[in-house]
There are 2 protein chains.
Amino acid sequence: MVSELAGDRLDFEFQRLHGMGEDLYAEVFKADKSRSCRVYAPVGNHEDLLPYLVRRLLENGANTSFVNRIMDEKLAVEKVAEDPLEKVANTTPVAHPAIPLPLNIYADERRNSSGVNLANDKLQLSLAADIQPYANSKNYVEPLLAVVLNQSSNTLPETDVDPSFPEITVAELRNSTGAEVDSAIMTAVEFSAQWDATAVNERAAALDKAADTLEACLPEFIALCAREAGKTVGDAISEVREATDFCRYYAARGREQFGAATVLHGPTGELNESSLHGRGVFVCISPWNFPLAIFIGQVTAALVAGNTVLAKPAEQTPLIAYRAVQILHQSGIPREALQLLPGDGASVGARLTSDPRIAGVAFTGSTETARLINLTLAKRDAPIATLIAETGGQNVMLVDSSALPEQVVSDVIGSAFLSAGQRCSALRVLFIQEDVADKIENMLAGAMQELVVGDPRMLNTDVGPLIEPEALKTLQTHAARMDNEGRLIARAPMDPELSGYFFAPCAYAIDSIEQLQREVFGPVLHVIRYRARDLDKVLEAVNNTGYGLTLGIHSRIDKTQQDIAAGARVGNCYINRTMTGAVVGVQPFGGERLSGTGPKAGGPHYLYRFATERTLTVNTAAVGGNADLLGMGD
Amino acid sequence: MVSELAGDRLDFEFQRLHGMGEDLYAEVFKADKSRSCRVYAPVGNHEDLLPYLVRRLLENGANTSFVNRIMDEKLAVEKVAEDPLEKVANTTPVAHPAIPLPLNIYADERRNSSGVNLANDKLQLSLAADIQPYANSKNYVEPLLAVVLNQSSNTLPETDVDPSFPEITVAELRNSTGAEVDSAIMTAVEFSAQWDATAVNERAAALDKAADTLEACLPEFIALCAREAGKTVGDAISEVREATDFCRYYAARGREQFGAATVLHGPTGELNESSLHGRGVFVCISPWNFPLAIFIGQVTAALVAGNTVLAKPAEQTPLIAYRAVQILHQSGIPREALQLLPGDGASVGARLTSDPRIAGVAFTGSTETARLINLTLAKRDAPIATLIAETGGQNVMLVDSSALPEQVVSDVIGSAFLSAGQRCSALRVLFIQEDVADKIENMLAGAMQELVVGDPRMLNTDVGPLIEPEALKTLQTHAARMDNEGRLIARAPMDPELSGYFFAPCAYAIDSIEQLQREVFGPVLHVIRYRARDLDKVLEAVNNTGYGLTLGIHSRIDKTQQDIAAGARVGNCYINRTMTGAVVGVQPFGGERLSGTGPKAGGPHYLYRFATERTLTVNTAAVGGNADLLGMGD
């Protein structure tokens, strides 16, 4: 076919692997002696060559391969030479009935969120066009209250900046005044009984509607996630998907758990029913690192359980929260049920959590802040509040000598450096069995050189900026300490001209996890070597950090996997993959001990914690007899 | 037949109701003219007479009644005159297949606890004989630790007295020393991973075994409940039954919730599992008013969920707790998993709750103490602890004009005065619609005169002693205040010679629930009249107390029942019955707001709060391919 296409041209050559295709080229050169064929042989060490040869053998040995078919004498030449594209075009594809389409993997319960295939050029271009209108839009953020107070003159507007270009203002911001916080609390208290009495189907329907709107607003949120939170396109898509999944998952759980009362089995002559209700007013305090997903996850869980909600978004990302609340209001959540109170922790947060009318707080953020909130709540002269806290981690990956190094390095890069390491689940400490440590460190150092740090709007960017100058300072200080205490394995390249809060991912070899007292929230990886026989001690040291969020295992030995998974006191354990990117309903997420209170977000028990249980007992025989017995027959 | 029996005796007379039995007696007197028959007629007002006549008509009109049968000319005289006892003896009773025996009402899940029919004289006598050996037994209580320290000389023994006869010592008591508390914590911490790794079936089996032993020890616990807690025989039987039910119910829930991991549905190529584990070390602080049931409920829930437990019993009832722990140890709970630390709240309780190694506390007691524990936990430099608190109530019963007064009075007596009002669920404030208030107050006053206050060992005793002199003082102070502020409706009679902490049940009419700021824990009932049109305001006032434990409704109007039940922010709502005596698994128990944190004890969500959730994600395709797809077929 190539000869055919070439016609008279001579500016090309044929090539074949030494020892293969001899018959084929003999045939070609029989027809046209002016052609030449270069014979090549792969050269390399055993380790590289073996996989190469195996791949070639598998390809060429396959029944459907050209090489195999051309040797089959029973096949007509026309069959061998037919156009494969034409053949595919003429096929009617039949889906395997047991393999659902991606949107349908949760069957009838809920629709999966839609992904975007960024490898498709056409989709890329149309997405870019859809994002464009939001790329430089002007925005204004203020409290979203049920009762609007005239407070505009009380506070000076603040600015919400782009961490990649801090000189650029993403939104003008007016934070909540004390009077607004108080007024919002009062409205939330007054409306809570009515909201709890609203049928859960109605509450859940609003969540489902919001999910559809979130998906429709994907281009806008890609723009806002980049501009306000420094998120790459891929991360922003995941963020919108997670937010969408939270809405649909909690809607489904709400219908299941808060619908009709459950009849409890007991003695005859009595009806016993159990039902779940909202606890009252919930405060949701969310972090900047998942400004849409965690924000909306907390809020929708509290709402569908029948609570009214006062949402305090992270100071760094109020605009995304503002848009999320607008979408929830548009989807049917009453303004009295959900109010947005932008502001800082010291004023708005503390005012909310010290108020005796607050029934519960859902918080995601640092372990220290969670402890402070807990203490503030406990000091109130009020009923004991519910506190659902998701906090920090000192997340570890354990790699033994049986692990596949290529996969380890790929998953380490993904877990430690992507999202600029600004995920609570991100890998912080990589334990490598000493026997394979040199090799993996080398491969890791090489892979890190390929990381692109820069403007998250660019599709080839792997690592965006840190969220704010304080974060940059903390990481720089930590890196300086590590330069002293540890050995630098590698630092990713970074354009020195970048003006934002960028920090080049780096990896340090250190001696012991005890050198790390706190979570370092960014793309700094610590690598520790261990001896195979010390695995138990390693696990003990990991458990002794007090944190228990995520843990990764790379091993091809079942027993090692099982032993580590059974001994690790962590919320989420991942084997032979990345340790980030938990999917709602599939990998319920959350840690234990210093890493959080539970229950797991996106899990089947989450809504229970937002609820109070009520039991109703009716003496049905009080009407004059036991109708159940009378109706029973003989 | 009477003539037959009488023979020649004349010292009796026949009687018949005016207008009835004329034919019968005509027949009798035909045979023997020396007999006479007194004719009587019931006299009374319409209200009393009508039910009487209806009962007579129902009796005599029944197909099976002698009066009906004697008139049936088709029946042979031999049939009418046959011996009914003989007839019953010759019957083989057939159980209705849809009506399970009491022991089997929970079907295959678990066996119901056994009751005792105290109306059966024979059973009464044999039970009394079984109780006898424990009636005056000498007892000694000390800490039950995994590692025994030599502390005997460090503390002076205290005495545990009988509240009915405070001069009598029930047990010598050695409370826990600080060193013992510390040692117990250390053992509990060290053993917690091993206990959590023990198969839940093994943990649950120990609970089931303990349940059987508790039932077998019923006579002992009847004696101890009377001696140490002043409990009547009926209350003690209920107590043992509740403890038994807790063991079996939590064993069943444990197997269901903590057994095999749950597979979560997600994308192919990945295994996702969720499992529940113990949180670590739980402290269980239990009250004296259910010294066996609540004590063992807390402890077994924490244990079956995989936590090690440090149990601090109420200072007033350490002996019953001591015996309960011994039974649990004998049933297979390791001593390292469960240790008993008798002592007071200020020393032992505070030392436990301020320790950073404690993962959670289950507490039942006063709202004030719960708040203090919460604050103590929050002040620790430690992971946020779980606090499950069941606290006080300001429990109300609402009675409208459609209620059946006899039933109301009976249920008020049962709810407010039995157990000497020392149940957290007990009725404190009775709201009566003004139209029926005089009548119900009168009936109540009459019924209260029938209450027997005294030694709880006597079967005819309705109301035993209060637990301790401080309780008596509090109630006397409150009654003195009520004598001033309210109007005494009635006070039950009481023998002035009683030497124990007895308090005669009393009822006061007051104006408003706002006159009561705190729970008054004893047999004092407050009665408030309301106008029918003010029902909403009443409900609002009840909700405004801040408490939300139990609420009773007596009404025969469905809409009233529904409206109140829907508007009441309480954990347990009871319609047309008493509002105490919640049954494990049937009426999950616990309040909201000032009355407790939830989840409900004896309910399906209780164990979740003692647990931490873990998710395990395995990239099953990492072995080289997706075996699920390969195994799927075409």
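Let me start with one pair of residues: Cys573(A) stands opposite Leu616(B), which sits in strand S20(B). So that's a residue from chain A facing a residue from chain B. Before I go on, please keep in mind that this is a predicted model.

Okay, where does that pair belong? Strand S19 of chain A, residues 572–575, is joined to S20(B) by four bridges, and the two strands run parallel. And that pairing is part of something wider. There's an open sheet of ten strands with mixed pairing, and if you walk along it you go S15(A)-S16(A)-S17(A)-S14(A)-S13(A)-S18(A)-S19(A)-S20(B)-S7(B)-S6(B). At the edges you have strand S15 (487–491) of chain A and strand S6 (262–263) of chain B, each with a single partner strand, so one side of each is left without a neighbour in the sheet.

Staying on the chain B end of that sheet, S7(B) and S20(B) pair in the antiparallel sense, over nine bridges.

Within chain A, strand S7 (residues 270–278) and strand S20 (residues 611–619) run antiparallel and are joined by nine bridges. Glu273(A) is one to look at there, standing opposite Leu616(A) in S20(A).

How are the two copies related? Chain B can be laid on chain A with an RMSD of 0.2 Å, using a turn of 180 degrees and a shift of 0.1 Å along the axis. The two copies are thus related as by a two-fold rotation axis. As for the surfaces they use, 98% of the interface residues of chain B are also interface residues in chain A, so the copies meet through the same surface.

66 residues of chain B are in contact with 65 residues of chain A. Between them the chains bury about 5,800 Å², with 54% of it on carbon and sulfur atoms. Which three residues of chain B supply more of its buried area than any other three? They are Ile384(B), Glu613(B) and Thr615(B), which supply 12% of the area that chain B buries against chain A.

For the polar side of things, 34 residue pairs are in polar contact across the interface. On the chain B side, the elements giving two or more residues are strand S7 (270–278), helix H15 (367–379), strand S12 (386–390), strand S19 (572–575) and strand S20 (611–619). S20(B) gives the most, with eight residues. By class, that side of chain B has 31 nonpolar, 20 polar and 15 charged residues.

What about salt bridges? Asp381(B) is in the loop between H15 and S12 of chain B, while Arg371(A) is in helix H15 (residues 367–379) of chain A. Another one brings together the side chains of Arg577(B) and Glu270(A), at 2.8 Å from N to O.

Most residues other than glycine have a negative phi, and most peptide bonds are trans. Here, though, the peptide bond from Gly598(A) to Pro599(A) is cis, with omega near -5 degrees. Pro599(A) is in the loop between S19 and S20 of chain A. In chain B, the bond from Gly598(B) to Pro599(B) is cis as well, with omega near -5 degrees, and Pro599(B) is found in the loop between S19 and S20 of chain B. Then there's Ala420(A), which isn't a glycine but has a positive phi of about 50 degrees. You'll find Ala420(A) in the loop between helix H16 (405–417) and strand S14 (429–433) of chain A.

That's my tour, thanks.

Note on methods. Residues numbered from 1 in each chain as written. Chains lettered and ligands numbered in written order. Predicted model: local features only at pLDDT ≥ 70, side-chain atom pairs only at ≥ 80, totals over all residues. Heavy atoms only, no water. Least-squares fit on C-alpha atoms with pLDDT ≥ 70 in both. Contact = heavy atoms within 4.5 Å. Buried area = accessible area lost by both parts, 1.4 Å probe. Salt bridge = Lys/Arg side-chain N within 4 Å of Asp/Glu carboxyl O. Polar contact = N/O pair within 3.5 Å; in protein donor to acceptor, adjacent residues only side chain to side chain. Nonpolar A, V, L, I, M, F, W, Y, C, P; charged D, E, K, R; others polar. Pairing = 2+ DSSP bridges.
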